[in-house]
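Welcome! Take a moment to look over the sequence and the 3D view, and then we will walk through them together.

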Amino acid sequence: MSTDKNLKKRGTKTRKFNAFLAAIVLCFFIIHIFAGTAFIYGYLQVDSWVPYVIWTFFGLIIIHVITCIFTSYFMLIDKVNAPSKKKKNHLLLKWITGVFLLLCALSHGLGQIFLPQFFSDLSTVFLIDTIQCAILITFLAWHACVGVKSLLKDLNLPYSEKIKIIICAVLIIIIAILGAIMVAHEFLY
Ligand code: HEM
Ligand code: HEM
């Protein structure tokens with residue numbers, strides 16, 4: 001019984017840490033999307049230290065993934081609060097959207113380095129990058145919306161269905177507007 005209690009305690013602590021990490025990463029990449037869009041329109045310059053900061057936060061995504069392995073494990077072995085089928089499916093959706101998000105983020109990040117080496121024509125580079133970014137932010141919004149309920153609960157923030165819908169709506173609107181502005185660049189310039 002005390003082993004069950006210890007496991008539960010460890011599970012709760014890990015979930016708190018993971019939620020905190022996910023919130024920081026989410027805030028950073030929303031700022032990055034604003035900055036990236038401003039950069040594309042020429043309103044912002046990229047200093048040499050910027051890629052290091054972006055890759056550092058990418059590193060935090062990897063720590064988030066590793067922590068998720070533990071939180072998922074603790075949830076699945078919990079005998080006191082055994083997860084329902086619905087909860088397990090929800091976890092699976094978090095993993096699926098997370099894996100796609102990781103693949104898109106990686107291809108966008110590496111694309112910044114390698115695309116200009118493969119294509120001499122800059123308009124092709126911009127077109128591929130725009131398509132990658134559009135898919136990437138769709139998965140970012142999807143993954144974050146799927147995780148919003150547990151995020152609020154794990155951070156002990158007030159939770160209700162209404163709050164969840166408002167946060168998801170704000171997130172989707174921000175990303176849709178920035179995405180549209182970014183895609184519009186392809187047609188305008
Ligand atoms: C509309 C959405 C986005 C736009 C317009 C955008 C734009 C950019 C731009 C302009 C750069 C190059 C910065 C530089 O020259 O150093 C960049 C780099 C990068 N972005 Fe994004 N980004 C977007 C979304 C994201 C998201 C959601 C992620 C991760 C979840 C991400 C991860 C990265 C990474 C890892 C790099 C590589 C840093 C480097 O080596 O330059 N981006 N992005
Ligand atoms: C920009 C990158 C990412 C952001 C902003 C993000 C955001 C979030 C948020 C807000 C949550 C809910 C937090 C909570 O459960 O308390 C979450 C959970 C989760 N994320 Fe991510 N995530 C990112 C990348 C990833 C990646 C790359 C994967 C997997 C490959 C992933 C897999 C998961 C899983 C499995 C959970 C559920 C953990 C659990 O409930 O035990 N995430 N994420």
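## Getting started

A residue is called buried if 20 or more other C-beta atoms lie within 10 Å of its own. By that rule, helix 2 has His-64, Cys-68 and Thr-71 as its buried residues. Please keep in mind that this is a predicted model.

Helix 2 covers residues 50–77. With 1.5 Å for each residue, its 28 residues should span 40 Å, and the end C-alpha atoms of helix 2 are 41 Å apart, which agrees.

How do helix 2 and helix 3 pack? The angle is about 165°, and their axes are 12 Å apart. That makes the two helices roughly antiparallel, since angles over 145 degrees count as such. The crossing of helix 2 past helix 3 is left-handed.

## Around ligand 1

Ligand 1 is surrounded by 25 residues, and the closest are Gly-36, Pro-51, Ile-54, Ala-105 and Gly-109. Helix 1, helix 2, helix 3, helix 4 and helix 5 each give at least two residues to this shell. Helix 1 has the largest share, with seven residues.

By type, the shell around ligand 1 holds 18 nonpolar residues, seven polar ones and no charged ones.

## Around ligand 2

Which residues are closest to ligand 2? They are Ala-19, Thr-71, Gly-98, Gly-147 and Ser-150, from a shell of 28 residues.

Helix 1, helix 2, helix 3 and helix 4 each supply at least two residues of the shell around ligand 2. That shell divides into 17 nonpolar, eight polar and three charged residues.

Terms used
Residues are numbered from 1 along each chain as its sequence is written. Chains are lettered from A and ligands numbered from 1 in the order in which they are written. This is a predicted model: local features need pLDDT of at least 70, side-chain atom pairs count only at pLDDT 80 or more; totals for chains, interfaces and linings use all residues. A residue is near a molecule or strand if its C-beta atom, placed from the backbone, lies within 6 Å of it. Helices (H or I, at least four residues) and strands (E, at least two) are DSSP runs, numbered from the N terminus. Ala, Val, Leu, Ile, Met, Phe, Trp, Tyr, Cys and Pro count as nonpolar, Asp, Glu, Lys and Arg as charged, and the others, Gly among them, as polar. The expected span of a helix is 1.5 Å times one less than its number of residues. A residue is buried if 20 or more other C-beta atoms lie within 10 Å of its own, exposed if 12 or fewer, and partly exposed in between; C-beta atoms are placed from the backbone. Axes are lines fitted to C-alpha atoms, for helices over the stretch in contact, and angles run from 0 to 180 degrees between N-to-C directions. Angles under 35 degrees count as roughly parallel, over 145 as roughly antiparallel, 65 to 115 as roughly perpendicular and the rest as oblique. A crossing is left-handed if the near helix is turned anticlockwise from the far one by less than a right angle, and right-handed if clockwise.
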